[in-house]
Every structure is written in structure tokens, then in C-alpha cells.
Amino acid sequence: MPPAAETKLGYTPPDGGWGWAVVLGAFISIGFSYAFPKSLTVYFKEIQAYFSVSYSEIAWVSSVMLATMYAAGQWHQTFDTIFRLNVLIAVINSNSFLCAGPVSSILVNRYGSRPVVMVGGLMVSSGMVLASFGTSIIHLYLCVGVIGGLGLAFNLQPSLAIVGTYFHVKRPLANGLAMTGSPVVLFTLAPLNQFLFDCFGWRGSFLILGAIVLNCCVAGALMRPVKKSVKPQPKTETPPAASEEDGARSSDFQIEENQTESRCQGCAHRFIDFSLFKHRGFLIYLIGNVVMFFGLFAPVVFLAPYARHQGIDEYSSAFLLSIFALVDMFVRPLTGLLGNTKWIRPRIQYFFSFAVFFNGVCHLLCPLAQGYVGLVLYTVVFGMAFGMLCALLFEVLMDLIGAQHFSSAVGLVTIIECGPVLLGPPISGALVDAFGDYKYMFYACGVILSACGIFFFVMHFYNYKKLDEERKQSLAAERRTSEEAVKLKMSPDDKAAYEAEG
């Protein structure tokens, strides 16, 4: 495991202590952010009948809340109805969350993570309580969709950002544990919502959920700012593992050390750092992810329908999604643990590239799965690949640009990724409609992800090579500067002797 090192944050992260309480808070906050909108679909059928609205209209309630990372299976009574809702959610559910990304970045940069997460929890709770008194579907749009969606957006990004301020050496493990909150909370909320609905109906359930989601405020309270005390240390040789990782973001990105910039010149930079678009590593990440997101979610959306197309009954088809979520739940922390080892951490971008390529190969082989046993095997392997990718998705971004710029980077990435997140599933659905077979959709997604994996491999090989060259040039320049400083302090006789020696 690489040792702790002084980073460009200006202090040494504690890599433990209260940081594990922060990881627990991030686990809760991230879990609700990703899982809460998807769990609400259990109430759609009853709400649809109550307000006499169409499938499309009721789907907007959840779709405006959040960009779901994957459309997981719920505990439903009528699979065909919910499948159509889930497809709609996967197509249009990212508007509120993705567009709120830059807003969340500005608030985190200005006020820190703790108040933003706590306010977000209050917003989600207020939205659910107000929605329980709703008299029209528009009321639910505003309360659940807009208010709740903004609240969830204010929970996700600050939770991701603050983990990077507490951890450096153990950051992949910490991020992996925090990201595990998504499948764990989803796996818990799905049956809980069905129980609440059976006992209290949708109005009573919304009231109770408004109270449950206040746990986000508790999670936010755990996120106290890190104590940035710097202990003076003698200059020592930087360990190879730590230096390679620091070089992955410092050599490529010249951070402005001067904190006395004029207000008019630095106002925009304080909130959203647009200079990231000049960062080589950030551009590699952004380009690859934009293409990758076109094929990332569709296989999850169409997994259960594909099983039904193969003649599997609806309940067994839906159970595949539960298997997927269960595997994902265990793979994420294991991926973080593996990514934290001394063999992988210095070149963690290659690990992410492998995860993307692994997803692509998995989808290319999916049409070969025969029968329910074959689909279960595919689901298990897919859950492993997807969990690896999600556990590393934000860690590799932080590795490239550093924790100090992570909040701005996430805001910029999410708003740009809005397009592929929205267009990916409907384009895949159009392939199914055009060919009348799901296998071409899986082939297309497999090709996209495999190509992105190869792209990441090649570009990060180039990036690491350039970083090594820049680091060597920097060390050579420092050495020349040191030698010149020594010569200036020497007497003429000592200087002549020094030059004669070497």
C-alpha cells in the first residue's frame, strides 16, 4: 500500500480517524441519491389510477428527480406496466440531477459539503411530505420531482467530494465503500416501499419516507470539514507509488499557488473551474465517458425484457435484476480494496479501462447465453463488471485532477453527460424495434464499451508516458537550480575545485 504523502491539497489527509465516519455519511447520502427515485416506482400504478393519468405522465414524477445509474428491478405486481415506466425513467430521468450538478459544485465550493448535504436532506423530506397532500399530478412533479430532485443532487456530489479531502492513500477503498450505498439502499428500499404501500397507501408512505430520508441530514452532520494542519517535515525522497499517483494529476495540471488573485479575475474560477478543459487527463476522461454512457445503461434497462423474450416468466425475469443488484453490492467494496493495493493504485487508470472493456465483452457474449441458467450466469458476470466500473468511476476522475478540483470537475462532467444518458436507452430501444431482436442491442452496447475500454487503455498509456517525461524534466530543472544555488554560495577557490571534480 502506498504511504501517505503531502499532496497539492496543502496538507496531509488523515486517511482514517473521523474519515471513516465521513465514509459512513457518504454511504447513506449516496445510497439515497441513487436508489430513492427508482424505489418510488412501486407507487406508480396506484397514483396513476388515483389521478387518472397515463403511464408517461406518472413516469415524469420519478424521471425529473435523478439520473439513475442503472434501472434496477423493483418488487412490483404488474411487470409490464413497471417495465414501460422503467424504460421511460431510464430515458428521461436525468434532467433535474444532471442540470443541478454545476449548482451543487458552486454551493460546495462556497459553503462546504456539510451544510449542502443537510439542506438537501431537508429538501427531499419537505418534498415528500408536501407530495403526500398532493391534489394533482402537477403537484407531485413540483414536490417530488423538482424539490426532491434538487435535494438529492445536493446529497450526491458533496458526499463524493468530501471523501477525497479525508483520504489519499486509502482513497480507492473509501470511495468503493461509499459507492456501495447505492445497491445496499436500493435492495433495502424496494421491499420496504412495497410493505409501506400495502399498509399505508401512497399518501401515508410518502409521509413516512419523508421522515426516513431525514437520515441524509444525519449523514451530512457527520461530514465535518477536515482539519488542515500541516506539520513541517524534512525533505525526503518521495516513494515511487505515491509519486506516480501525485504525478498523475500534478505534472499534467499546473495548480495556481497564488491565493491573492484579484476578485474580478478569480470570481468565476472560485465557483466553477473552466480551466479543467485545458487538462489533458480531464479531457481523456470526459471524451471516453461521453461515448461510454451511450451504451452503459441500456443492458440493465432491457435485461428483464430480454429474459421474457427468451420465454422466461415475468417473476424469474425480474429476479435477474435482484441478482444483479446483490452482486453489485459486494463487488464495489472489493473493487475499492483491490484498487488500493500497491500493484494497482499507481496505475489505477488501467484498472478502470479494464472494467469498461470487461463490460463490453460481457454484452458481446450475452446473446450466447441459453436458458435461464445462462442468463443467471450472464447477470452475475455483468453485475461484477458493472460494480467494478461504478466503484472506480469517480475515483479515477479524482486521481486525474486531484481532490481540490473534484467538485468543479463533477459539475462539468454531469452537465455534459446529460445527452448520452438521455439518448442511450431510446437509441438502443430503436435497435430492438428495427430488428425485432434484443441481441443487436447487446452487440451495439458491447462494441461501444469495448471501444471505449481500448480508447482508455491507449490514451492513458500516452498520458502516463507524458507524465513520466514531464516529471523527469521537472526533476532535471530542480537539480540544475540546486547546483546553480550551490555555486553562487561557493568561494572562487571552492568553485574551481568543484568544477575540476565534475
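This is a predicted model: local features need pLDDT of at least 70, side-chain atom pairs count only at pLDDT 80 or more; totals for chains, interfaces and linings use all residues.

Student: What span is expected for H18, and what does it reach?

Tutor: The expected span is 1.5 Å times one less than the number of residues. H18 covers residues 371–401, 31 residues. From first C-alpha to last it reaches 45 Å, close to the 45 Å expected.

Student: Where does H18 bend, and by how much?

Tutor: The bend is at Leu 393, about 35°. That is the angle between two fitted axes, one through the seven residues ending there and one through the seven starting there. H1 has a kink too: about 30° at Ser 33, shortly before the proline Pro 37.

Student: What makes H18 largely enclosed?

Tutor: The count of buried residues. Buried means under 20% relative accessible area, exposed over 50%, and partly exposed in between (1.4 Å probe, protein chains only). In H18, 23 of the 31 residues are buried, so the rest of the structure largely encloses it. H1 is mostly covered, with 17 of its 21 residues buried. Across the chain, 56% of the 502 residues are buried.

Student: Which residues have the most contacts inside the largest nonpolar core?

Tutor: Phe 282, Met 292, Leu 397 and Phe 406, in a core of 82 residues. H18 gives the most to this core, 15 residues. A nonpolar core is a set of buried Ala, Val, Leu, Ile, Met, Phe, Trp, Tyr and Cys residues joined through side-chain atoms within 4.5 Å. Another core lies apart from it, with 27 residues, among them Leu 40, Ile 47, Tyr 141 and Val 213.

Student: What does Leu 397 touch?

Tutor: Contact means heavy atoms within 4.5 Å. Leaving aside residues up to four places away in sequence, Leu 397 touches Phe 282, Tyr 285, Gly 402, Phe 406, Ala 409, Val 410 and Val 413.

Student: Why is Arg 332 called buried?

Tutor: Its relative accessible area is 1%. The limit is under 20%, so Arg 332 qualifies. Arg 332 sits in helix H16, residues 314–339.

Student: What makes the pairing of Arg 332 with Asp 328 a polar contact?

Tutor: Their side chains are 2.8 Å apart. A polar contact needs N or O atoms within 3.5 Å; within protein, one must be able to donate a hydrogen and the other to accept it, and residues adjacent in sequence count only if both atoms are side-chain atoms. A polar side-chain atom of Arg 332 also lies 3.0 Å from the backbone oxygen of Met 179.

Student: How do you know that Arg 171 and Glu 395 form a salt bridge?

Tutor: Their closest N and O atoms are 3.1 Å apart. The rule asks for a side-chain nitrogen of Lys or Arg within 4 Å of a carboxyl oxygen of Asp or Glu, so the pair passes. Arg 171 lies in helix H8 (residues 171–179) and Glu 395 in H18, so the bridge ties together parts 224 residues apart in sequence. Both are buried: Arg 171 at 1%, Glu 395 at 0%.

Student: Why is Glu 470 called partly exposed?

Tutor: Its relative accessible area is 23%. That falls between 20% and 50%, so the label holds. Glu 470 meets Arg 280 in a salt bridge, 3.4 Å from N to O. Arg 280 is buried, at 18%.

Student: Which residues are linked in a network of salt bridges?

Tutor: Arg 347, Asp 468 and Arg 471. Asp 468 and Arg 471 are 2.4 Å apart at their closest N and O atoms. Both lie in helix H21, three residues apart, about one turn. The whole structure has five salt bridges.

Notes:
Residues are numbered from 1 along each chain as its sequence is written. Side-chain values use heavy atoms; hydrogens and water are left out. Helices (H or I, at least four residues) and strands (E, at least two) are DSSP runs, numbered from the N terminus.
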